[in-house]
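Q: I would like to learn how to read a structure like this one, feature by feature. Could we begin with the idea of a pocket and then move on to the strands and helices?

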Amino acid sequence: DKLGVNEIEIETEIQLEELLLNNPEFIEEGFRLLANQKRTTPYQKRIDLLGVDSTGTLTILELKVKEDRDQLPQAIEYFDWLLERGISFFRDYFSELKIANKAPRIILVAPKYGERTIKLGKYISEEIDLSFKKYFAFDVEGKTIIKLVDENIPSKIEIEQPPLDEND
């Protein structure tokens, strides 16, 4: 008797968001969600999920159900908004959570990432704690399970030292 496990597709970001809201442990062990669809100003956009990881780091999650070249730039706008707002604002507002006084993390969640996103990620990950998580969705006997797998962000290419010209 084989377990009823089938890989499924998530149709909408709302579906993906709901699954992660109801199961923050799918994101990471010890992850706690603070807000969803948090409106930012002046952008008037909404952070999909805002949470705190097991180390107390404020974390932005930007969700997509298909490859989206604007996913990372969008997450950086939210990152910038959080810093402008001030980490202390969130530390005071969610005082029971012991939010660490350090720069937020960004976690992108999508089924796949395009070349542009990966290239940008190479350089941005030097400054910002950035994770690309590829998701897989499964129906396990009528219950949807999401598995997030870290997608490797390649190292940036170091500039080679040009040879010295004897005439310089």
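A: We can begin with the general idea of a pocket, which is an open set of grid points with protein on both sides within 12 Å along at least five of seven lines. Please keep in mind throughout that this is a predicted model.

Q: What volume does the largest pocket have, and which residues line the largest pocket?

A: The largest pocket has a volume of about 150 Å³, and its lining is made up of Glu-7, Ile-8, Glu-9, Ile-10, Glu-11, Val-65, Pro-111, Tyr-135, Phe-136 and Ala-137. Sorted by class, the lining holds seven nonpolar and three charged residues, with no polar ones.

Q: Which elements does the chain have, and in what pattern do they follow one another?

A: The chain has four helices and seven strands, and along the sequence they follow the pattern β-α-β-β-β-α-α-β-α-β-β. Its C-alpha atoms fill a box of roughly 75 × 45 × 30 Å, taken along the principal axes.

Q: How should I read the pairing of strands, and in which sense does E6 pair with E1, E5 and E7?

A: In general, two strands pair if at least two bridges are found between them. Here E6 pairs with E1 in the antiparallel sense over four bridges, and in that pairing Val-5 stands opposite Val-140 in E6. With E5, by contrast, E6 pairs in the parallel sense over six bridges, and one of the residue pairs to look for is Arg-105 with its bridge partner Asp-129 in E6. With E7, strand E6 pairs in the antiparallel sense over nine bridges, where Phe-138 has Ile-145 in E7 as its bridge partner.

Q: How many residues of strand E4 are buried, and which way do they point?

A: Strand E4 (residues 58–63) is mostly covered, since six of its six residues are buried. Leu-58, Ile-60 and Glu-62 point one way, while Thr-59, Leu-61 and Leu-63 point the other way. E4 pairs with strand E3 (residues 46–52) in the antiparallel sense over four bridges, and Leu-49 stands opposite Leu-61 in E4. E4 also runs parallel to E5, to which five bridges join it, and Leu-61 has Ile-107 in E5 as its bridge partner. The hairpin of E3 and E4 has five residues between the strands, and Gly-56 in the turn has a positive phi of about 90 degrees.

Q: Is Glu-17 buried or exposed, and which residues is Glu-17 in contact with?

A: Glu-17, which lies in helix H1 (residues 13–22), has 8% relative accessibility and so counts as buried. Leaving aside its neighbours within four places in sequence, Glu-17 is in contact with Asn-36, Gln-37, Asp-48, Leu-49 and Leu-63. Asn-6, on the other hand, is 11 residues from Glu-17 in sequence and 20 Å away in space, C-alpha to C-alpha.

Q: What share of the whole chain counts as buried?

A: Of the 168 residues of the chain, 41% count as buried. As for contacts between residues at least 6 apart in sequence, 59% join residues at least 24 apart.

Note on methods. Residues numbered from 1 in each chain as written. Predicted model: local features only at pLDDT ≥ 70, side-chain atom pairs only at ≥ 80, totals over all residues. Heavy atoms only, no water. 1 Å grid on protein atoms, 1.4 Å probe; cavity = no way out; pocket = protein on both sides within 12 Å on 5 of 7 lines; lining within 4 Å. Points joined across faces, edges and corners; volume = space filled by probe spheres on them. Nonpolar A, V, L, I, M, F, W, Y, C, P; charged D, E, K, R; others polar. Helix = DSSP H or I, 4+ residues; strand = E, 2+ residues; numbered from the N terminus. Buried < 20%, exposed > 50% of the residue type's maximum accessible area, 1.4 Å probe, protein only. Contact = heavy atoms within 4.5 Å.
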